[in-house]
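Thanks for making the time this morning.

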Amino acid sequence: MNQEEAFETFKSCAVEVLQVTPEQVVKDARFADDLDADSLDLVELVMALEENFNITVDESELEGVETVGQAFDLVIGKVG
Amino acid sequence: MQIAWGKAANSNQPNRVAITGLGIIACCGIGSEDFWNGLLAKPPQGIRVVPNFDPLLWFNPKEARRVDRFSQFNVAAAQMAIEDSGGTDSLNSDPTKVGVIMGAGVGGLDTLEKQIIQMYEGGDRKVSPFLVPMMMANAGCANISMRFGFHGPSESIVTACASGTHAIGNAARLIASGRCDVVIAGASEAPMTQVGKAAFANMTALSTIGISRPFDKDRDGFMLGEGAGVLILEEMNRAQERGASIYAEVLGAASTADAYHITAPAPDGHGAANCMELALADAQLKPQEIAHINAHGTSTPLNDKAEADAINKVFGTPGPPVTSIKGITGHSAGSAGAIEAVAAVLTIRKKLIPPTAGLESQDPEIHIDVVKAAPRAWEPGPILSNSFGFGGHNGCIIIAPPK
């Protein structure tokens, strides 16, 4: 899976879980301010990402993750 | 500790409780007019599911995913009732004095069931972080307080099939005592999941032939239903001063326990009779002043006989005209009392008592005056609405035409 494909998968997870439009899921987008996502929304998003990318994300790894770009980097780092 | 606030404390008189708005979601209709027409029509065939309920009329797509069906019903019915009463602004002049009291027998059973399956299929990590806030029995009233910005008491009543009636009774007392100006009161239930249906069936509560026929000699159980009923209760002077439409008045309420058996009613209906007598005393009415009884009338052999005996004990034989709308609606568990309270208010508005659908041949052991086959004119006067829940919880409220 290349980066572009990976981001499309990430995007579809975000669209499904956060009920936002694909256009809103850009790397600069902030979860709280731009995507109206609270902490429980993020937990559900992470669960969807874990399933789609076949990875495991520990709660502690989410600290400081505020933007789509940061979350995507975390995922891609695990996919390798 | 205070027992009365403001005007109610100063005058030593309880405040009067007006009903100024209705919201209803039932299998036979969404909204008061459709619901009423449904009560006068033939019973639906088969299970009493609310057809064509579209949560997206009341929620955005993300909210709809985060709220169980029972809360969706509850919020939608509350919004209908609030709009019927004049809108949030007309009710919310002092948000700390606007309460939300909602009944639920179970809560988000559909969510719980689906998440248990998720867990067994995929492990603990598959359980939604929204399971708890979706399934909790107080999710209905919590979502209503949040959506409309009401800061008064927001509490849930859980007394099985008496929940709705108890919620309205307790809400009325918050107005009578002066604690609240307005209370959004009612109940909601959506129990028709696979495990819910199996559980009610296996406890032999459901009709095996699929017919709800309250007070009939061949009744053999209820049809499971779902839905929500919500009433806007408002301090009478406040309602009059703002020019609200006053549909009815809550005159009294009572709550007692059989203390007998976890599911069966006390055989002679003494717990139910005590509750009706207490409600009459609370309303300062004599039995002969009651113009109509909206019965619990589930269509189970034990309930209907015990309720009829209790009515005879309090009101004589046969007593005032009785109807059970469960022939149409089925038994929607925790929300039944709230749906029936809406039916009682509509009886006042339409001056008509809907017939007990499904009843063909009245049980010769049941000696009450059941309205059957066709609607009957309602002689203006107070209406008693009964609800009795598993656990032996008895609830009665008395609703009267506005004076």
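I will begin with chain A and then turn to one helix of chain B and the loops of that chain.

Before that, a word on conventions: this is a predicted model, in which local features need pLDDT of at least 70 and side-chain atom pairs count only at pLDDT 80 or more, while totals for chains, interfaces and linings use all residues. Residues are numbered from 1 along each chain as its sequence is written, chains are lettered from A and ligands numbered from 1 in the order in which they are written, and side-chain values use heavy atoms, with hydrogens and water left out.

Chain A has four helices and zero strands, where helices (H or I, at least four residues) and strands (E, at least two) are DSSP runs numbered from the N terminus. Its radius of gyration, taken over C-alpha atoms, is 11 Å, close to the 12 Å that the globule rule (2.2 Å times the number of residues to the power 0.38) gives for 80 residues, so chain A is as compact as a globular protein of that length. Along the principal axes, the C-alpha trace of chain A spans about 30 × 25 × 20 Å. Of the 80 residues in chain A, 44% are buried, meaning under 20% relative accessible area with a 1.4 Å probe and protein chains only. As for charge, chain A carries 4 positive side chains (Lys and Arg) and 20 negative ones (Asp and Glu), with His and the chain ends not counted. The centres of these two sets lie 7 Å apart, the place of a charge being NZ of Lys, CZ of Arg, CG of Asp or CD of Glu.

Now to chain B, and to helix H13, residues 301-315.

The loops on either side deserve a look. In the loop between E8 and H13 of chain B lies Ser299(B), a residue other than glycine with a positive phi, near 90 degrees; Ser299(B) is buried, with a relative accessible area of 0%. After H13(B) comes Gly316(B), whose phi is also positive, near 85 degrees. The peptide bond from Thr317(B) to Pro318(B) is cis, with omega near 5 degrees, and Pro318(B) sits in the loop between H13 and E9 of chain B.

Definitions and conventions: Buried means under 20% relative accessible area, exposed over 50%, partly exposed in between (1.4 Å probe, protein chains only). The expected span of a helix is 1.5 Å times one less than its number of residues.
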